[in-house]
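The following note sets out several points for a colleague who is about to examine the model. Please read them alongside the sequence and the coordinates.

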Amino acid sequence: MSALRRWAIALGVLLLGRKKRQPRFADRPRIVPPGDADPRAEWLVLVLLLFAAAAAVGFIVVYSFNHLAHQTQYLGLALGLAFACVAAALILVAKRLVVTEELEEDYPLPHPTTQEELEQLVEESGDRLTRKRLLLTGAGAAAGAIGAALVVPALSLGPLLDTGGFYETPWRRGVRLVDEHGKLLLLDEIEDGTFYTAYAQRADKELLGSPLVVVRFEPSQLHLPPKRRDWAPGGVVAYSKICTHAGCAVALFRKPTFPVVEPGPALICPCHYSTFDPTRGAKVIFGPAGRPLPQLPLAVDSSGVLRAAGNFSGPVGPSWSGVRSKAPRNAS
Amino acid sequence: MIRAVVRYLDERSGTAPFLKKALRYVFPDHWSFLLGEVALYTFVILVGTGIYLTLFFEPSTATTYYTGHYLPLRGHEMSVAYRSAVDLSFKVRAGLLMRQTHHWAADVFVASIVLHMLRIFFTGAFRKPRDLTYYLGLTMLIVALLEGYLGYSLVDDLLSGMGLAIGYSVLMSIPFVGGNLALLLWGAPFPGKPDFESRMYVAHVFLLPILIATLLGLHLFLVAARHHTQFRESRRTTEKKVIGIPTFPGQAPRSLGLFFAVAAVLFLLGGLIQINPIWLWGPYHVAQGTNGAQPDWYLGWLIGALRLVPSFDVTIGHYTLVPNPFWGGALFPLLVFLILYLSPWLERRLTGEYGFRHLLDRPRDAPWRTALGAALFTWVFVVFLAGASDRVFVSFGVSYVGQIWVYRVLVVILPVVALFATRRLCLALQESERLGRIRKQAEAEARGEMPQPE
């Protein structure tokens, strides 16, 4: 028993006993100026560090318990508090426990003599060369050609010059329209004033040329350009769903409920709010898009299924230099 | 113990004199000098949390179906990349904490770089001999913007895809070569070849972080090599001598404390405040879009610029020369960064000051620089606000079209107003200081004291 007590006292003295300062460098002038002790600040730092340790242990505990492990809030709180306590302790150390000195130092100056020596060194090293310019030309040729040779493999990244792919779509005369589950779109099932997304049957849905917006209007409401008069059977119009401005999906449809006070119907892209008038060939009526949405001519077959009657009126998707130069073509 | 370590190091590296110099390196003290340190420490957290995320994220666009515990997504077709991001949020312990902390840290990283840059700009700290340091910092800002954009694009949720479509379109819109460049990067017309995901991934987790780290190293080396700038606080602070506290023991606990404070804030944000809940957006498909899509804050100025440009493509006959997104998405940021890069040179040319400048100006001390800077930042800020006009419409019902027209006018007028108003303000502040000095002197003389030289 007494042995245990002695051990406990020894441990207490070891942990809590304060070390006497030994002036080891007393014979030399101090580098860091002296300051007074601040036992209260020391205690506070100790408490903060223990808090930090406790919070970190809390993190491990939360992490380890199965039903707590996904409580992101507790995890963040525990780790954040641990760091916050360490931060507070360190700032206390900075403000109260170490000396705040004010030092001075000269701003560094340039070295004009060494600069000249460097220049001299380089110039003298080339003394023996008599055809400097010729050699430099040779070095330039080698460096340029090797540089080009090292860059050229980057062309494997993509078909740099073959921009034909931009004009390709899966549409041509006769391709059926399907919804996202592959179900055929029937003319009779298209309701007035509702917004449908359609794709080319059996084509990759993730191609820019594939998705369409399909909307139905009263034929009298449509004011399509004269060439497109028979592109909208039963008042159903179809446009590319990909905005001609920045390639987002034109996912918003504005359907006026009170035509007298509200603006007309519109297809709107939620990225930069390019606004297209579906009754007028998707003409841009507001926002940044520079081209109308390409229109797909539609036809209805004998079983009432909507089919393409050709390809789009213009290239699909965001514009590039020369976008208007060619018409879209079928990919297959 | 200390002696043994020091001896070990010095005998093997000979760095004792260097270490002594480094420990007594002088830091002038001002709160605004810490903004750069905040950026540095945020970068450390980004690297740490980022490495953790790479251990679980799978950068692949291969198609898969979600079968996890989150019911709204069950059975949905999605990419492996998106599924692994959802899984690391829901299934991996502490995964969501790390992902959200990483995302918050990215936002704070760019914010602290921008604030640091504003401090540098408005105090004239970019003057010789620190212009090179400033160019490196600006370059880091550009890389950080790209890095952040790639980071949230990798996940392949709906917002990622919309952001990438916009990036693709802006690249496409560069006159003559845009289409070719887009094909080169994406490998095929949008959404591109599956390789594109790997390309983004290697850029986001390897190329760009290493580039930032390298630039950061050079930046810090140059800062230390030329010493810090300082404000003119007393008669002792001159162009010749830097005054402040030493690295050790003064600055080290302060700076380390700041590191832990930054870490604390980021992990508290990551744990307590939801950011980018990718499971709500769903996977990306080219035919889908969501209304009110907002990117991370640091891209707000670009989305604003894209939205403000009126509808036109520049065409010659049937040839399209400049597609619309070029103006807002490419030319605008290029112009802003060009002005920022040219500022030190322009200032030298316009003021004829070619000497070394170690003392900082207060903004009022250089009215023209402050005014021009205010005009530039007002310009960018108005465009930034325009990027939020759809949220203003949703929240307050203010007409979107009306707002855009107002911003189209403000974007021209406000910078000019800011220019002249700021210059007047600077001059007025100078004048009031001068009057204050005269009054103090007069009062002192009236009391019969000797006039005190400042």
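1. Domain bounds, as used here, come from an automatic or database domain assignment. For chain A of this predicted model, that assignment gives domain 1 as residues 36-99 and domain 2 as residues 166-330. The C-alpha centres of domain 1 and domain 2 of chain A are 60 Å apart.

2. Between the chains, attention may be given to one helix pair. The crossing of α3(A) past α5(B) is right-handed. On the α3(A) side, the contact is made by A:T72, A:L75, A:G76 and A:L79; α5(B) contributes B:L96, B:L97 and B:Q100. By class, the residues of this contact comprise four nonpolar, three polar and no charged.

3. Helix α5 of chain B also holds B:T101. Is B:T101 buried or exposed? Buried means under 20% relative accessible area, and B:T101 counts as buried because its relative accessibility is 0%. Apart from neighbours within four places in sequence, B:T101 is in contact with B:I45, B:T49, B:L266, B:F267 and B:G270.

4. Helix α8 of chain B (residues 178-186) deserves a separate remark. Seven of its nine residues are buried, so α8(B) is largely enclosed by the rest of the structure. The buried residues are B:G178, B:G179, B:N180, B:A182, B:L183, B:L184 and B:W186. Their cover includes two helices of chain B, α7 (158-172) and α9 (195-226). Just after α8(B) comes B:G187, with a positive phi of about 85°.

5. Overall figures for chain B complete the note. Chain B has 16 helices and eight strands, and its C-alpha atoms fill a box of roughly 85 × 70 × 40 Å along the principal axes. Of its 454 residues, 52% count as buried. The accessible surface of chain B is about 21,700 Å², with 70% of that area belonging to carbon and sulfur atoms. What share of the contacts in chain B between residues at least 6 apart in sequence join residues at least 24 apart? The share is 77%.

Key
Residues are numbered from 1 along each chain as its sequence is written. Chains are lettered from A and ligands numbered from 1 in the order in which they are written. This is a predicted model: local features need pLDDT of at least 70, side-chain atom pairs count only at pLDDT 80 or more; totals for chains, interfaces and linings use all residues. Side-chain values use heavy atoms; hydrogens and water are left out. A crossing is left-handed if the near helix is turned anticlockwise from the far one by less than a right angle, and right-handed if clockwise. Helices (H or I, at least four residues) and strands (E, at least two) are DSSP runs, numbered from the N terminus. Contact means heavy atoms within 4.5 Å. Ala, Val, Leu, Ile, Met, Phe, Trp, Tyr, Cys and Pro count as nonpolar, Asp, Glu, Lys and Arg as charged, and the others, Gly among them, as polar. Buried means under 20% relative accessible area, exposed over 50%, partly exposed in between (1.4 Å probe, protein chains only). Accessible areas come from the Shrake-Rupley method with a 1.4 Å probe; for residues, only the protein chains shown count as cover.
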